[in-house]
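Subject: The two-chain model for you

Hi,

Here is the structure I promised to pass on. Have it open while you read, and my notes follow below it.

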Amino acid sequence: MDRVDVANDIKRAEWLQMYYYLRLTRSLEDRISALYRQGRIVGGCYTSHGMEAIAVGYASALERDDVIAPFHRDMGAFLIRGITPGEVLAQYLGKRTGPTKGKDGNVHMGDLKRGIIGFVSHLADNLPVATGAALAFKIRGERRVVFTGTGDGGTSRGDFHEAMNFASVRKLPVVFFCNNNQYAYSTPTRLQMAIADVVDRAKAYGMPGEIVDGNDVAAVFLAAKRAIARARAGEGPTFLEFKTMRMHGHSEHDAAKYVPRELLEEWKKKDPILRAEQRLLELGYADEAHFRDVGLRVQKEIDAALEFAEQSPLPEGREVLEGVFANPDEVEP
Amino acid sequence: MNSATATEVTYLEAISQALDEEMTRDERVFLMGEDIGAYGGAFKITEGFLEKYGEWRVLDTPLSESGFVGAAIGAAMMGLRPVVEMQFADFISCAFDQITEVAAKNHYRWGAPVPMVIRAPFGGGVHGGPFHSECPEGWFFHSPGLKLVAPSTPYDAKGLLKAAIRDPNPVIYFEHKFLYRRIKEVLPREDYIVPIGKAAIRRPGNDISVITYGAMVHLALEAAQQLAAEGIEVEVVDLRSLMPLDKDTIYGSVRKTGKAIMVHEDNKTGGIGAELAALLTEDCFDSLDGPILRVAAPDTPVPFSTPLEEFFLPKASDIVAAARKLAAY
């Protein structure tokens, strides 16, 4: 893995902002898990616990006009693109104030105004879609980039390969990532693929690839910056494999007994928030008091967000019939 | 130009004209598909387009239906108006997931319109065998969020394609291969559309409604002529749009005639004819004077060998036989 000169490449303000989003993501998802255990959230509940550095790192590397087609463990990316914790909780609670107005749940949030293509459960389905968004930018000569990815399991799907191939043939401004968290639900990567590194898949498409320490937010940020710059310069797509570990079950109902305890113990030491704090201390960018302050701040924000979400109305049953088709006034004539 | 000197346009040319005129009218419109560039498409619909519009508006894609339909969805969300070509409608199964899970549900789930068109050359009678003759409209008829059209004339082929391109939703445009070069007519010189969701009465009649679409419209007209000689006046309803269905026109016809035959080239079980029969029973039962009949392909894949395919495809004589049976009620 490439070593990065963190101190020289990431400004203090960027570091502190990423730290804030790491904490916000962790605390928000911890609250979501708690609500799930209390039975106040129904349905699936997927967290990025232990993997927060990936979404926070890549979303911090993008510009406002860029677009993401995120994975279902990319909460940090939603927050950085401007989905508020209140909207997130409203979405989880099935409220009308969530980004899908109750039509869809959990991380299935999309909003074109904030450059977010809504997630589809069929993993890798959004990779061709992201490729098409990048195609639109290329056709119009815009310097915008699309960032999209899936998990290790998702790279087995045909859509992953069809998207990687088409994007590479046409040198489209898209960055693909895989957050390799070693398990697709309960299936370990050794039963998912016969290669040790997912990044090897990129070779078949003539695409450069890079292995990145997915638990190091600085490494993710810098690798994303490099790939984005390449895409923006018209040099085509890059594939980034973020090595990480899923620390919770697939969904919160899943105790993940199929994961060896030692493996979790080992990765617990590599927790992305602990590592960010160590680095911030080394760099002299922040101290323990700052970490405490951020912790209190995000808890307050989440309390307010939950109040907003709980006070928001549920949709009326009859709203199920709305929105199957778009009206002509919803698109440019 | 008056009609005496106007040239007749085939169904295939009408499709080309619609694409050409829409690409000229709106620079957001672009094409993707297999072999549509230098080769001009398997059926030559886009011949000359690459030279005229360049490689970024006429994109030859890898052999990758799911990939390029997905790409069309993304491009549409970013403000372009993609029109993708399935080389044969049969291959749409490779893109089924992108169409039904992504395109169809997108607006409903999170409010982002997907204004795109998938052209699907469908239907048999061209010795295509099991993988080049299918009528897959039934699969999509059952997926909320998709509009489906199936023109039967050059006029409709052009007007419905223009309407599809201008629609803010994903539209699957089923163009019948058998009609490509077999029918022609003079088209208006001015820009026009055929609105999605409006059926057409192709032949008025008071005794029996024959409700159909695509190439079967022509069989129905042939049968109607034969039946008229026997004193049975058939009304031929051309659906034109399969989703949404023009219930006003369908119900109006059946309330007048009291009898209905559904004709389609798709397999009989679970086809659009079955849905229409259910709708008519639910909403027009008091007007019915006989059972609702279906004339459709048997529940088999489309076979290759000529006698097998001839047996498989509905014939005018099948419609005549059904009409005679129904006339006896």
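To start, in what order do the five strands of the open sheet in chain B come? The order is 9-11-10-13-14, and the pairing is mixed. Strands pair if DSSP finds at least two bridges between them. Strands here are DSSP runs of E with at least two residues, helices are runs of H or I with at least four, and both are numbered from the N terminus.

Before you go on: this is a predicted model, where local features need pLDDT of at least 70 and side-chain atom pairs count only at pLDDT 80 or more, while totals for chains, interfaces and linings use all residues. Residues are numbered from 1 along each chain as its sequence is written, and chains are lettered from A and ligands numbered from 1 in the order in which they are written.

Back to that sheet in chain B. Strand 9 (200-203) and strand 14 (293-297) of chain B are at the edges with a single partner strand each, so one side of each has no neighbour in the sheet. On average, neighbouring strands are turned by 25 degrees against each other, direction ignored. Strand 9 of chain B pairs with strand 11 (234-238) of chain B in the antiparallel sense, over three bridges. Look for B:Arg203, whose bridge partner in strand 11 of chain B is B:Val236. Helix 9 (272-283) of chain B lies across strands 10, 13 and 14 of chain B, at about 155 degrees to strand 13. For such angles, axes are lines fitted to C-alpha atoms (for helices over the stretch in contact), and the angles run from 0 to 180 degrees between N-to-C directions.

Chain A has an open sheet of five strands too, in the order 1-2-3-7-6 and with parallel pairing. Its edge strands are strand 1 (67-69) and strand 6 (209-213) of chain A, and the twist averages 20 degrees from one strand to the next. Strand 3 (174-180) and strand 7 (238-243) of chain A are joined by six bridges, and A:Phe176 has A:Phe239 as its bridge partner in strand 7 of chain A. Across strands 3, 6 and 7 of chain A lies helix 9 (217-232) of chain A, running at about 170 degrees to strand 7.

Now a helix pair. Helix 3 (65-77) and helix 4 (96-110) of chain B pack at about 20 degrees with their axes 8 Å apart. That makes the two helices of chain B roughly parallel, a word for angles under 35 degrees. Residues that meet there include B:Val69 and B:Ile73 from helix 3 of chain B, and B:Ile99 and B:Val102 from helix 4 of chain B.

Next, how do the parts touch? The domain assignment, which is automatic or from a database, gives chain B domain 1 (8-186) and domain 2 (200-327). In chain B, 25 residues of domain 1 are in contact with 21 residues of domain 2; contact means that the C-beta atoms, placed from the backbone, lie within 7 Å.

Between the chains, 38 residues of chain A are in contact with 34 residues of chain B. Helix 6 (126-140) and helix 7 (158-169) of chain A are the elements giving two or more residues to chain A's side, and helix 6 of chain A gives the most, with nine.

Happy browsing!

Conventions. Two residues are in contact if their C-beta atoms, placed from the backbone, lie within 7 Å. Angles under 35 degrees count as roughly parallel, over 145 as roughly antiparallel, 65 to 115 as roughly perpendicular and the rest as oblique.
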